[in-house]
Structures are given as structure tokens and as C-alpha cells.
Amino acid sequence: LIVLMLAVCGINYGSAYNAILANAREKIAASLEFSVSSIDDAIWSIQNVCLSVFQNVSMRTAMTKLEDQTLSSQEYSAIKNQLAIAQNLLSGKISNLVFYYDTQSLISASDGGKTQQDWYFNHVRTYENYDLAFWHGLLNGKAHVALLDATRVYERSSTVDEVVPVVIANPIMGIPAVLLADFPTSAIARTLRANAYAQDTAFAVWNDRGVLIYSNYREPDALQQMHGVGKLTDAQGNAYACVHYESTMYGWHYTALVPAATLMNEVRSVLYMILISCGLALGCACAVTIYATRKLYEPMKLMLSLVDDDEDFQHHNALKSLSHKLGQLVENRDSERETVEQFAQAYLDYSFQSLLQGEPVRAEGLFFEQLRRRVHFECNEYVCCAVRFLPKAAFYADMQDVGRMQVFERVTQILRNLFSQWENAYIIEQADHQEEPHGKNADVFFQKDS
């Protein structure tokens, strides 16, 4: 039973191990796909809201009244209000929003103030990978939407964040204008972690140009060429289950890495559950076995004590002892049955001989019952037919007693077979003492209606 339980545990563990790993990979892929979809939705919202600013009537009206590259207080308030509305709509998605239409001034949605561009990009909010000339170059009159490479941002010379600049350049009433929204990589990381398969899952994100956007894995370059589902072992020998997914909307590449140890912990938890379940089943099976054994042993003990008063059997194999005693009972039963048959046969012979000698039958009811049971006589009246055998003298002179007895037995059997073809008959043998040498009589009894 224990071996069977161990075999069941092994089979269940093997199937559970493969099923858990496959299910884990599916869950990792599903969680990563959901995170990518959420990030794509956030980027789309940023672009859509920013584009709506350019299409706003108040914004376009304000830009048409632009004279000598200056804005009146009324037009300035209209632009500021539209930027504030956009920033509120994108709350939680962007960390900064600015608007500029020339190379001199800039309007920030965070403070609503108008600032000189060179001061803003060189001192207030500096982008590590993009200088002032780059931002001026966006005022080329061409309409386009771009997701720039990720860059660190400094505010007053201290690192604040790492962002993906979202640029929307679109002329308004013929005047070049640029709207810059900062999409922080911390928002990307927050979305990935919120839907992660496990807390210790690592991620790496690249844009469509293969430039790293975000990674909390120490060797992101080793992941860039991966596709689909696979395995990875780092320089320290740590194994990971890797899942790669590509955004169909923006072409960004995402990779999720779950430590193999985390997956094995889940497998072990299932193994422990299987072992506990099998242990409980084994305990129940042992309890049932002990209970059933006792229930079976008590009748055996009682039976053995009934057939043998010797109590020494308790120290031996009770089942073997009981089998031996029952075998003795069967032998005794067969012997007694044979004895009963011999007595019944002798009783019928004696009763018929008594009748032939004119003596009454003792226990007449038993006599007729035996006739019905053994000879199948259906009525209490019968007739007798005597058959006499008178062998010649040579029969007694030339044959031994054993041979003569065998001859008479065969003759009796021939008579029994002969008469049994027509009717049930009972045959008894008796010696004929009136002839010398002695003959043999066979008295055959039939039912009266035969």
C-alpha cells in the first residue's frame, strides 16, 4: 500500500510539475500582454489629448491673433487654460507638459507661467540627451508625432526622473507649434509591477529603434535578441523563465523574467499538498485496514476457538491454523457422511431381509422415508422378484473366494443396470443355503404399480 501511495505521489508530482510550469508561462505571458496593452493605452491617451489641444477652437483663435510673435493677456490665458485642462486629463500619465511656438518663449502647464526657452531647457528642466538646439529644430513647420528615446531629466541640476518625451509638432493657423509631454518610465515600471506574475519579476523595455527605455534587470543587453518564451541563465548561474512580447501599436519590445526559484517554490507547494493528501489517504487506508483486519480476525478467532480448545493458536498463523481445522472438519464430515450411507444401506438390507423372513420392519416410517429418498419409491407397497444363481461345482473348485465375490458383484450390477431401464429397483444379495454347493439369490424389489 505504501509503495502504491509513493507511486501515485510520483506520478502526480511529475504531471503537476509540467502542468504548473506550462501554466506559469501562460500566466506570465498573459500578465505581460495586459501590461503592454495598458502602457499602449496610456501613450495613445497622451497623444490624443495633445492633438485635441491643437484642434481646440480657443487655441486656434488665440493663435490667429498672434501679432509680432507676442500674445496678449487674453490669448495667453486661453492657451494656459487649454494646457491646464490637458494636464488634468493626463493626470497620473505625464510628469510635465509645455507648449512653445517660437524659439524664445515657452508656456508650462505645471506653473502656468511664461518662461524663456533657453533658461527653461538649460536650468529649470534639462534633458540629458536633448539640448536647446534640438527643441528649436522641432519648429520646422512639419506636423508629426514622435516618441523620443528615454532620457534622464534634471531639475535645477538634480536628477528628478527618467522620461520618454512625447512630441506633437503641428502648425496652428500656419504658425509652427510644439507640445511636449513627458511620459515617465516610473509609470511604465509601475504598470508592469502591478500586473507582474511574481513580486521578484524583472522587466526590460526597448523602443522600436532598439534603445533601452526601462530595465530593472542587471544585464538587459542579454535579453534584447530574445523572442517568445525561453530560458536564461545569467553570469551568476541564476536561472530565469523569460517571456517576450512586442507591442503591435508602437513596436516596443517587452521582456519579463521570473526566477526559476520562484516557479519551483510554487511547484514545491503543490508537492507538499500532494504529499499531505497522500499521507492523509495512507493514514485513512491504514486505519481502515486495521479496523477491517480486526473485524475479520475476531470471527476467525471465534471459529478457531470453537473447533479447537487449544489456545496456542494465538501465537501462530491464525489463518493457517483455521484453514487446517476447517480441513479437518471437512474430512470428518465426509467420513461421517460415508458412515451414515453405510448404515442406511445396511438398514435397508436388514429391513428387506426381515420382510423376506416374515418379520416386521422396525421403524417403518424411517424405512419408507429411506425408500423414497434413496430408491425413489413413491408408494408404500412393493413387489419382490427373486433371481437365483446356481453355479456349477467347478466354479467353487477352480476360483478363490475373492474371485467368486467379484463375479457375484458384477452379476448384481448387471441386474441393476438391466432393471433400471424400466423402473426403480432395489437389489439385495443373500446366499442360498438349500443347495450344495451354495448358490446365490438376488431379490429384486419393485413398486407395486410398476
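Residues are numbered from 1 along each chain as its sequence is written. Because the model is predicted, local features need a pLDDT of at least 70 and side-chain atom pairs count only at pLDDT 80 or more, while totals for chains, interfaces and linings use all residues, and side-chain values use heavy atoms, with hydrogens and water left out.

The protein contains eleven helices and 16 strands; these are DSSP runs numbered from the N terminus, with helices (H or I) of at least four residues and strands (E) of at least two. Of its 450 residues, 38% count as buried, where buried means under 20% relative accessible area, exposed means over 50%, and partly exposed lies in between (1.4 Å probe, protein chains only). Contact means heavy atoms within 4.5 Å. Among contacts between residues at least 6 apart in sequence, 55% join residues at least 24 apart.

Six salt bridges are found in a search of the whole structure, a salt bridge being a side-chain nitrogen of Lys or Arg within 4 Å of a carboxyl oxygen of Asp or Glu. One of them joins Arg-125 to Glu-155, with the closest N and O atoms 2.6 Å apart. This pair links distant parts of the chain, 30 residues apart: Arg-125 is in the loop between helix H4 (117-124) and strand S4 (126-127), and Glu-155 is in strand S6 (residues 151-155). Arg-125 also forms a salt bridge with Asp-182 (2.9 Å, N to O). Here the partners are 57 residues apart, as Asp-182 belongs to strand S8 (residues 178-184). Arg-125 is buried, with a relative accessible area of 4%, and Asp-182 is buried at 0%, whereas Glu-155 is partly exposed at 31%.

Another salt bridge is formed by the side chains of Asp-149 and Arg-209 (2.6 Å, N to O). Asp-149 lies in the loop between strand S5 (144-147) and S6, and Arg-209 in the loop between S9 and strand S10 (212-215), so the pair ties together parts that are 60 residues apart in sequence. Asp-149 is partly exposed at 23% relative accessibility, and Arg-209 is partly exposed at 46%.

The next feature is the aromatic rings. A pair of aromatic rings is described by the distance of the centres and the angle of the planes. Rings of Phe, Tyr and Trp (its six-membered ring) pair if their centres lie within 6.5 Å; planes under 30 degrees apart count as stacked, over 60 as edge-to-face and the rest as tilted. A search of the whole structure gives eleven aromatic pairs. Among them, Tyr-120 and Phe-121 are edge-to-face, at 5.3 Å centre to centre and 85 degrees between the planes. Both of these residues are buried. The ring centres of Tyr-127 and Trp-135 are 5.1 Å apart and their planes are at 65 degrees, so this pair is edge-to-face. Tyr-127 and Trp-135 are both buried. Ring pairs link Tyr-100, Tyr-120, Phe-121, Tyr-127, Tyr-130, Phe-134 and Trp-135 into a cluster.

Three further buried residues were examined. Thr-201, in the loop between helix H6 (185-194) and strand S9 (202-206), has a relative accessible area of 6%. A polar atom of its side chain lies 2.8 Å from the backbone oxygen of Ala-198. Leaving aside neighbours within four places in sequence, Thr-201 is in contact with Ala-196, Asn-216, Ala-256, Leu-257 and Val-258. Ser-351, in helix H8 (residues 318-356), has a relative accessible area of 2%. With neighbours within four places again left aside, Ser-351 is in contact with Val-361 and Phe-367. Thr-412 lies in helix H11 (residues 401-419) and has a relative accessible area of 7%. Thr-412 touches Ile-427 and Glu-429, not counting residues up to four places away in sequence.

Definitions and conventions
Polar contact = N/O pair within 3.5 Å; in protein donor to acceptor, adjacent residues only side chain to side chain.
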